[in-house]
Amino acid sequence: QCGMSPTGLSSHSESVEKSGWMSKWTNYIKGYRQRWFVLDKRAMNLRKRLRGAKKSLGCVWRPSNRSEKLSHIQFEESQSEVGEACRGGSINLHEARVLSDKVTSNIVIAHSTQTFHLKAQNDLDREAWLKALEYARHRANREADSDNDEDETHGASRGAITVEGAKRALDAKMNQLHTSQTMLAKLGKEFEHVMTNGEAIDRKVIGERIHMFIVASATVVQAADEIASLSEKEIKKLEKALSSENSQRIQLQEQLETLAKQHSSLERAAAREGGSGGGGGAILHDGVVRRGWRSIVASYSYTSDEEEFHDAEEDIYDERKGTSSIHSGEDQELFSAEIVVPERGTVMVSPRIEMVSGRSRRVSIPDRPDHPLNLWSIMKNCIGKELSKIPMPVNFSEPLSVLQRITEDLEYAHMLLNEAARKSDALEQMCWVAAYAVSSYSTTGNRTTKPFNPLLGETYECDRMEDLGWRSISEQVSHHPPAAAHHAEGRGWNMFQDFTMTSRFRGKYLSVIPIGHTHVTFSASGNHYTYKKITTTVHNIIVGKLWIDNHGDMEITNHTTGDKCTLKFAQYSYFGRDIPRKVSGFVKDSSGNVKYVMQGTWDDHMDMLKVMKATGKGDKTKVETESPIRLWTVNGPYDGNDRMHHFTRLAIELNEEETGVAPTDSRLRPDQRLMENGIWDEANEKKQELEEKQRAKRKRREAEVEEAIQRGEHIEEIEPIWFEKTQDEKTGSLIHVFKGEYWKAKESNDWSKSPNIF
């Protein structure tokens, strides 16, 4: 039980940092409602007290799991004796962003799972809460960094580090015990001398010797107790490390066995089907020949129970939403509806592209070397961890940073967004925006390597205004959690997004779940569109050829008109009826009427079909459309791209050296440049050097923050250079808005604001 004083501060200062009342936004009907908050060193607990509860009374609470170590906001479904109701939910402060509004006294705590909108009672209370939240977030980041530093230690597993730490701690305690023993032996001899010559020595001296002997004896006993306690503690750490290591090995072993059985069963099924000569086959993207899917399914009835499996791919859980679908019941009916299309062929549309040739750019990069790598040494400590926190050598990378990778979203912007800007009809414009959203995945099909994680403050500019009609700037704006801000402007349109992701390595596959919204605005119509990106999964991490699937549901909203588009990226299944990489969707007006059908694949094309009539309900829903109009077709493969990391023409040009860019630009990153040139050993050394430099800078910052905490001073967060953090009115989330100063700095060649990160 945590006792609360009338001031709202806990009497247990070691566990509770601050507590008190704040108003929390609930919904548009109820508005703000008062909630009781308790912030301790590991958690900020939010509670709603029942009527009649006295503010001076305490509340029953449970701190978060000590092994988790990260501060987070936590709800509990319980009720204390004093009439205090606790509500469920939590926000991890380590992965959260805190924003304050000095005008309204509001505090926003945003996380990938949810966002809290809080209102302090006054300016003083707001400042007190902000300071307490900053301290808690600083501690969470410091502990997370400590864990990351341990994970990034090269050449040693977590178990070895734990053993070494235990050995050092026990050695120190044993030295203390030996010292105490030596002192006790010396005092014992002196005490024996005193007792032998008691008549010749003053009683006061005898008393002092007795007291010193007692103290020394107590010191020995205390040192022995500490050794016993420390031994028990370190043994538990060792047991935990060994258990974790063993469970990871067992997990990988089971996955390897499962994959081997699946591979064997597929080979037998394919052999039987091939032997029957049952018709032609279709080559799938993973190289497997699919003939009659019904006959292959039937062939599995002959496998043994031990080797039976039902599908080559499991259903990937969407960690961002906690569900695999966002469709309503009506949407589900639409996705299973019969689409009636006239027999006329697809109408091809060629968007008007107004551009000039621009300057000459490079047409190739050095071929990717084939260097062997001990995969197990890297992967055994990666299961269940965030992708951004896994220390990877450049052997797994491609010579582009995450900032350059998100710039590739604009590959078809000069066709799709330029054309969308010309449309006066909002529903038709929505279709072009949807085609643009799908086109950003066209480059992922064969790109199984990992881009470089940007350093804090790293930037990337791409000015293609003269030939493609757009320019963009991106910046790594946050280290905890890793986040990049991106802004692009074209002819009559703007695009901006915050790119944050959560990722998990599960052994068989690795999933990347983007967090944050992409915004597209048009100056002529005033339309403002937003959408969230879908999940990308890399399969066959351990055994087989790597391949990528993009899957999930995307909802595009026009906040100006209320129109919506729902796109479904079908998850690949070996026995599914759908074509691989299929994308289908519907565009509805603000009244919910279906106006357009969207269909295609994310790696090839997207078509728009105008709806003429929709009839029926449920399984009998029937949608009649006009002939398809092709909005987007992927560019053909670039010559030799299979040797050049499967890059497109734009990707090859992204890392081309260019004068006049900021000193923080990704093109100037030395480890990435060495990797592109095939000098991988030096690239790995330089990568480690840059990471060590960043860690040292981070630790200096932590020391400064710790000193500020001790002095009770306010902590200023590290602010982005070219972007400003604010709350988005459309989505309610925290975003970084471009301040517009970068291009002015480039024009005047003034990079005084840029830090030295390389």
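This is a predicted model: local features need pLDDT of at least 70, side-chain atom pairs count only at pLDDT 80 or more; totals for chains, interfaces and linings use all residues.
View 1. Look for Arg-630 beside His-605: the two side chains make a polar contact at 3.4 Å. Setting aside neighbours within four places in sequence, His-605 also touches Gly-600, Trp-632 and Thr-633, besides Arg-630.

**View 2. Helix H8, wrapped up by other parts of the chain.** Helix H8 takes in residues 413-422, and nine of its 10 residues are buried, so the rest of the structure largely encloses it. The buried set starts with Ala-413, His-414, Met-415, Leu-416 and Leu-417, and carries on with Asn-418, Glu-419, Ala-420 and Ala-421. What do these buried residues pack against? One partner is a helix, H9 (426-439). The others are strands: E18 (470-478), E20 (493-505), E22 (517-522) and E31 (629-633).

**View 3. Strand E18 and its partner E17.** E18, one of the strands that the buried residues of H8 pack against, is itself mostly covered, with eight of its nine residues buried. Strand E17 (residues 459-464) pairs with E18 in the antiparallel sense, and six bridges link the two. To find your way along this pairing, look for Arg-464, which sits opposite Trp-470 of E18. E17 and E18 make a hairpin with five residues between the strands. In that hairpin, Gly-469 takes a positive phi near 85 degrees.

**View 4. Strand E18 again, now with E19.** How many bridges join E18 to strand E19? There are seven, and the strands run antiparallel, with E19 spanning residues 483-489. A handy pair to pick out is Gln-476 and its bridge partner in E19, Ala-484. This hairpin, made by E18 and E19, has four residues between its strands.

**View 5. Leu-668 in a loop between two helices.** Leu-668 lies in the loop that runs between helix H10 (649-654) and helix H11 (670-676). Is Leu-668 buried or partly exposed? Its relative accessibility is 42%, so Leu-668 counts as partly exposed. Leaving out neighbours within four places in sequence, Leu-668 is in contact with Val-661, Ala-662, Pro-663 and Phe-758.

**View 6. A helical stretch with a record entry.** An unreviewed UniProt entry places the feature "coiled-coil region" at residues 221-269 and 680-711. Over residues 680-711, the model is 100% helix and 0% strand. From end to end of that stretch, the C-alpha atoms are 47 Å apart.

View 7. The protein chain averages a pLDDT of 77, and 71% of the residues score at least 70. Which elements sit at the two ends of the confidence scale? Helix H9 has the highest mean, 98, while helix H4 (residues 293-299) has the lowest, 31. Residues 150-157 have a pLDDT below 50, and this stretch makes 12 contacts in the model beyond near neighbours in sequence. Residues 276-326 also fall below 50, and there the model has 100 contacts beyond near neighbours in sequence.

How values were computed: Residues are numbered from 1 along each chain as its sequence is written. Side-chain values use heavy atoms; hydrogens and water are left out. Buried means under 20% relative accessible area, exposed over 50%, partly exposed in between (1.4 Å probe, protein chains only). Contact means heavy atoms within 4.5 Å. A polar contact is a pair of N or O atoms within 3.5 Å; within protein, one must be able to donate a hydrogen and the other to accept it, and residues adjacent in sequence count only if both atoms are side-chain atoms. Two strands pair if DSSP finds at least two bridges between them. UniProt positions are given in the numbering used here, feature names are shortened, and annotations may be inferred rather than shown by experiment. pLDDT is the predictor's confidence in each residue, from 0 to 100.
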